[in-house]
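Good morning, and thank you for coming.

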Amino acid sequence: MRTNIPVYVVLLLFVSTALGTYWNPSFEKYDHNCNQLAHQGVALSFDDSKNLNGWNDTRSYFTQNNITATFFIDHWGHHTNEQSNIIKGLHDDGHEIGFHGSNHKKYADYLRNNETAMSYYEHEILSGTQLMEEAGYESESFAYPMGSRDVVIDALVLQNYSVLRGIRWNAHGSNSWSTFCEDGGVFRALSLALLDSEPDVIYDELHQLSGEERTLLLYGHSIGDEPGELDLNEFQNIVDIMGESNIPWLKMSELGHE
Ligand SMILES: [Zn+2]
């Protein structure tokens, strides 16, 4: 027997696939009820302890431009004195120090090696969190190494941190990088590497922030002149757009709060 799939079903599948691919976060505004509405602002964060030296060189730039960021640090308990001093300097400048895993291990690798979310939580979250606290820092914010996460590990980590950050790809159970709602405390973020490839993605999001109670999350890694590093001349375009529209910088820990 021959099965005929109606044309409209095929069209519907095609349209929903296309929408999924080119899905625009601004549709989220009308999608669901929200208990914790977003505030207008850009939550800027930078990842990885290995980038501390480059960050240190930009401290005065951030201060002069009144930029507040969150720096996600891994390998607590293993920093050199110089690295520890840079972390303290960033904190003293008013930036947030966040947690980025004990050993910068990818959650998906744990699962692939027949480990569990609980073992990841114990080894990559709890032990490093304790070392961070011993170093004198308490944080409400955590960024997943390589953005690798799911709702199972989210539920465990949310016992210790109120704001979790993933990356652009991996939507399951998280708020968009450009969000009107901050329920749940789990967010995706847009990479500043887009400034090299598709800068308009970031600029368009920034222009849409004007007059909207919406939060945009941006993240980067190293800052400097080398290929692959965030070029401050390019970043200045973001600073200028925000200045023109009076958009504030937000610390990650400010997300999901009244
Ligand atoms: Zn990282």
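Let me start with conventions. Residues are numbered from 1 along each chain as its sequence is written. Please bear in mind that this is a predicted model, in which local features need pLDDT of at least 70, side-chain atom pairs count only at pLDDT 80 or more, and totals for chains, interfaces and linings use all residues.

First, confidence. pLDDT is the predictor's confidence in each residue, from 0 to 100. Its mean over the chain is 89, and 87% of the residues reach 70 or more. For residues 12-24, pLDDT stays under 50. In that segment the model has 0 contacts beyond four places in sequence, a contact being two residues whose C-beta atoms, placed from the backbone, lie within 7 Å.

Next, the overall make-up. The chain has 10 helices and 10 strands; helices (H or I, at least four residues) and strands (E, at least two) are DSSP runs, numbered from the N terminus. Of the 258 residues, 38% are buried. I call a residue buried if 20 or more other C-beta atoms lie within 10 Å of its own, exposed if 12 or fewer, and partly exposed in between, with C-beta atoms placed from the backbone. Among contacts between residues at least 6 apart in sequence, 72% join residues at least 24 apart.

I turn now to the strands. Two strands pair if DSSP finds at least two bridges between them. Which strands pair with strand 9, residues 215-220? Strand 6, by contrast, pairs with strand 9 in the antiparallel sense over 2 bridges, and Ser 178 has Leu 216 as its bridge partner.

In a regular strand the side chains alternate between the two faces of the sheet. In strand 9, Thr 215, Leu 217 and Tyr 219 point one way, while Leu 216, Leu 218 and Gly 220 point the other way, and all are buried. Because 6 of the 6 residues of strand 9 are buried, the strand is largely enclosed by the rest of the structure.

Strand 2, residues 70-73, is likewise covered on both faces: Thr 70 and Phe 72 are buried on one side, and Phe 71 and Ile 73 on the other. Strand 1, residues 41-47, runs parallel to strand 2 and is joined to it by 3 bridges; Phe 46 has Phe 71 as its partner. Strand 2 also pairs with strand 3, residues 96-99, in the parallel sense over 4 bridges, where Phe 72 is partnered by Gly 98. With helix 4, residues 81-92, strands 2 and 3 make a right-handed β-α-β unit. Right-handed here means that, with the strands pointing away from the viewer, the path from the first strand over the helix to the second runs clockwise.

Now the core. A nonpolar core is a set of buried Ala, Val, Leu, Ile, Met, Phe, Trp, Tyr and Cys residues joined through C-beta atoms within 7 Å. The largest one has 54 residues, and those touching the most other members are Val 42, Phe 71, Ala 189, Leu 217 and Leu 218. Not counting residues up to four places away in sequence, Ala 189 touches several residues, including Trp 177, Leu 217 and Leu 218.

How does helix 9, residues 199-209, sit against this fold? Its buried residues are Ile 202, Glu 205 and Leu 206. Seen down the helix axis, they fall within an arc of 100°, so they line one face of helix 9; the arc is that of the directions from the helix axis to the C-beta atoms. On the other side, Asp 200, Asp 204 and His 207 are exposed. The cover over the buried residues includes strand 9 and helix 10.

Finally, backbone angles. Most residues other than glycine have a negative phi. His 75, in the loop between strand 2 and helix 4, has a positive phi near 60°. Asn 246, in the loop between helix 10 and strand 10, has a positive phi of about 55°. His 75 counts as partly exposed because it has 17 C-beta neighbours inside 10 Å, whereas Asn 246, with 8, counts as exposed.
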